[in-house]
Each structure stands twice: as structure tokens, then as C-alpha cells.
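Thanks for coming, everyone. Please have the viewer open.

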Amino acid sequence: MDPRTPWQALTRTRFPLSSWPWRTVGYLVTGGVLGAAVGAVFLVLGVFSLFLVGLPPLLLSGLALGRVERRRLRLVDLDPAPDPHRAPTAPGLAAWLRVRAGEQATWREFAYALLLATVLWPLDLLAVAVGVGLPVVLLGAPVQLAVDGHEAKVVKAYLVTSYPEAFAAALLGALLLVALAYPLAAVAGARAALARALLTPRESAPQGAIGEVIASRARLVDAFEAERRRIERDLHDGAQQRLVALTMTLGLARLDAPPGGPLADQLAKAHAEAGQVLTELRELIHGIHPQVLADYGLGPALADAADRSAVPVVTDIELPRLPEPVESAGYFAGCEALANIGKHSGAARARITARHTDGVLRIDVEDDGRGAVDPAGGTGLTGLADRIAVLDGTLTIMSPPGGPTLLRVEIPCPAPSERSASSSPRTASFSERD
């Protein structure tokens, strides 16, 4: 993995030959120049602030500097530096000023601007002068001696009078240039870390956005369930009733048709097809949201699914009524697991256990089949895991080769209130054998 910051680059053996030393120098040099300019601007605005004219620009100057610094941070920090400011809820300069004045990010940027204008930029230039300027001056000793012709005073302290001495100073400068690149990169890394801490969103800042994402996800789940119930109702009250009427009409037509003729045969085929379509539609409606799930809850619905399973299923279910999205997800998880057992496992027996304890719905589906379940093998488990994840649930599969297989669904959901538990028969207990 390529380094993302100077501190990470320092641990690589090829650091002196990489671009990181030059990036750190560029970051510190531009920081010194920018800091000096900001200091001059602050001085001018400070003078005008005595007359209250420069006070608003002075207080908001950190906003512009913060934007520049987040872009400059890319020199030594390759991770994104997002803008910490919120978008105003209303148009206009007044709304923008109200939002900015009430944000912590605005005052953190102002504090960074003060630091840069007073303390940081001299330190940046001092680090560059020591880490780059000193070695470069030593490297230039032969050139200085050649220009003077007799002697050269290197770094205002070391007198060079011969070329061997000059080249020795140049060699020392080359070694120092490589050696001082490491502390220089460390300084640039510390400066970048300070800039990121003050100019980017803090960990607590996105909590409102995360809360909104969670709330919107819950609304999407509720909307999905409502839309599915609407489709079920439309199919049940519309298409199914028309198919029933069509089947009855075809049955009456068969009675009126001459027996044994081509018309009777065609009507018989049409009547059989209509009956088959009606059966498939009823199964589809039952699969969308079975009536037993709506009327009695998840426990009876899972027991009903176990009764219809192709493999004998032992049930051990004790569940209260739970929120509709949780019951729906738990039901389809159980049905998908039982369908996979019947189609792919080769199992002779299965068991489904369901409990609601400590605010978590837990459904275990076990079978004695061949095992080695592959979730990516097109068995619908990936989609099922995604559906459960929407409710902050987890899907766990333990299926060693040779079996047995255990599919466990865990969905956090609040425990039902005592009032709701006492108002209707909320708990269903089953212990069925094949």
C-alpha cells in the first residue's frame, strides 16, 4: 500500500528517492509564504477593526484560509479533506452568516488562521532553512570558492581556502540533505495533522448526517412494506377476483357445450389453465405477505411455512408480536432457508428455532444435509443478507462440508410493551414434529 502521509512515507526504505521529501519542502515553503501574507492581512484588518470596519472580514477570514489550506493539504496528505461547513437552509447572505457564525468549524478555522499568522509560518521557514538551506549552502562551497578565487566563507562560519576542503563541505552538504529530509518530513507531517484536526470535520460532526441516514433507511423499509402490502391487496381484491369469475364462467360454459366436441375440449383446457393461473396467483399473494403473518404474527407464519416445507421440519418457536418490518424480514429469512434446504441440501430433517431475547430476534434454521453452502452460489442468501442488514441485522451461516448446516438470523428490535402483550394473544409457542 502506498504511503498517504509523510509519517507513513518515513517507514519506507526508498523514502529519500521518492517524491515525499520534495512534497514536504513544498508544503512548508508555501505554508511560510502563505502565513506571512495572512499575517500582513491580519495586521491591516486589525487596524481597520479599531474603527469596526475590518472586524467582520477579520472574523470570517478563516473561512477563505481554511479552503486554501484544505487544498494545500493534498501536498502531504492524500486522504480527502472534506469541508466541515453545513449548507444554509435558506438563501441569502444573512442566512449564510447566521449558519457560519454558529458553527464550531468557523471558529476553528479562525484559530488556525491566528496560529498560522503568528507562530506557524516562522516555524515552517525555519525548518526549511535548516533542513534545505544549510545543506544547499554547503553543496555550493566549490562554486563559492571558484567565484572568489582565493577563499570562501561557508555558512558565515567555516572558511574554505582549497578545493579539497570545498568538496568535503559539499559532501557533508549532500549527506545532510538526505539526513535532514527525515526530520523535515516529520515536521511537515505534524503540521498537516494539526491542519486536518482544525480544518476538517471532527468524528462527532457527521453524527447528525448518520442519524438522518438511519432515519431515512427506516422510512424506506416502512415504505417498501407499505408498497408490498398495497400490491398484495390489489392482487387479492382485483386480479384474483377476476380470475375466479373467469374460472366460474369457463366452468359454466363447459356445462353448456356439447360433450365430446372440439369446443368442449378447448373449454376444458382453458378452464384448467385458468385454475392453474389462479393457484399460482394465490401462491404469489401468499408469498408477498401471508395472511397468517398479518393476523397472528411471525410465530404462526413460520410454523405454517414449516408445514408446507418439502423436508420434515421440527419447530420450536416462542415469539411475541414484533414490528412489521422485523416480522416480514424474519418470515422471508425462514422461508428462504427452508426453500434452500428442500432444493439444495439433500437433508432428511430440519429444525427451526425462533426466540426474542434481550431485544434481539434470533432465528436458527438447521438441517442434516450435505453442507458446504456457498452464499455466492445463487441461493438467494446474498439478497437475504442485504435485506436483513437494512434492519441492522446479521445473517450467519455455518456449513462445513458434510453438514450439518446452521443459518442464523439476528435482528435487533425493541421488546413489545406489556400493554400490547396483554391486549391480544401476542405470543405463539410451537413444538411440532414431522
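Start at Asp358. Asp358 is exposed, because its relative accessible area is 79%. The scale here is relative accessible area with a 1.4 Å probe, protein chains only: buried is under 20%, exposed is over 50%, and partly exposed is in between. Asp358 sits in the loop between S4 and S5. Its phi is positive, about 55°, although Asp358 is not a glycine.

Before going on, the ground rules. This is a predicted model, in which local features need pLDDT of at least 70 and side-chain atom pairs count only at pLDDT 80 or more, while totals for chains, interfaces and linings use all residues. Residues are numbered from 1 along each chain as its sequence is written, and side-chain values use heavy atoms, with hydrogens and water left out.

Now the wider view. The protein chain has 15 helices and eight strands. Those are DSSP runs, numbered from the N terminus: helices are H or I with at least four residues, strands are E with at least two. Of the 434 residues in the protein chain, 38% are buried. Take the contacts with a separation of 6 or more: 70% of them link residues 24 or more positions apart. Contact means heavy atoms within 4.5 Å.

S4 covers residues 350-357, and S5 covers residues 360-367. How do S4 and S5 pair, parallel or antiparallel? They are antiparallel, with eight bridges. For two strands to count as paired, DSSP must find at least two bridges between them. The hairpin of S4 and S5 has two residues between the strands.

S4 has another partner. Strand S3, residues 313-319, runs parallel to S4, and six bridges join them. Here, look at Asp316, whose bridge partner in S4 is Thr353. To get from S3 to S4 the chain passes through helix H13, residues 324-345, and this β-α-β crossover is left-handed. The convention: point the strands away from you, and a crossover is right-handed if the path from the first strand over the helix to the second runs clockwise.

Stay on H13. Val326 lies in this helix. Val326 counts as buried because its relative accessible area is 5%. Which residues does Val326 contact, leaving aside neighbours within four places in sequence? They are Leu361, Leu391, Ile411 and Cys413. Val326 and Cys413 are 87 residues apart along the chain, yet their C-alpha atoms are separated by 7.3 Å.

H13 also meets helix H12, residues 298-307: their axes come within 10 Å and cross at roughly 15°. So H12 is roughly parallel to H13. Among the residues that meet are Leu298 and Leu302 in H12, with Tyr331 and Leu338 among those in H13.

Last stop, Trp96. Trp96 is in helix H4, residues 93-101. Trp96 is partly exposed, because its relative accessible area is 30%. Not counting residues up to four places away in sequence, Trp96 touches Leu60, Leu63 and Pro88. Arg86 is ten residues away along the chain, and the C-alpha atoms of Trp96 and Arg86 are separated by 9.6 Å.

Terms used. Axes are lines fitted to C-alpha atoms, for helices over the stretch in contact, and angles run from 0 to 180 degrees between N-to-C directions. Angles under 35 degrees count as roughly parallel, over 145 as roughly antiparallel, 65 to 115 as roughly perpendicular and the rest as oblique.
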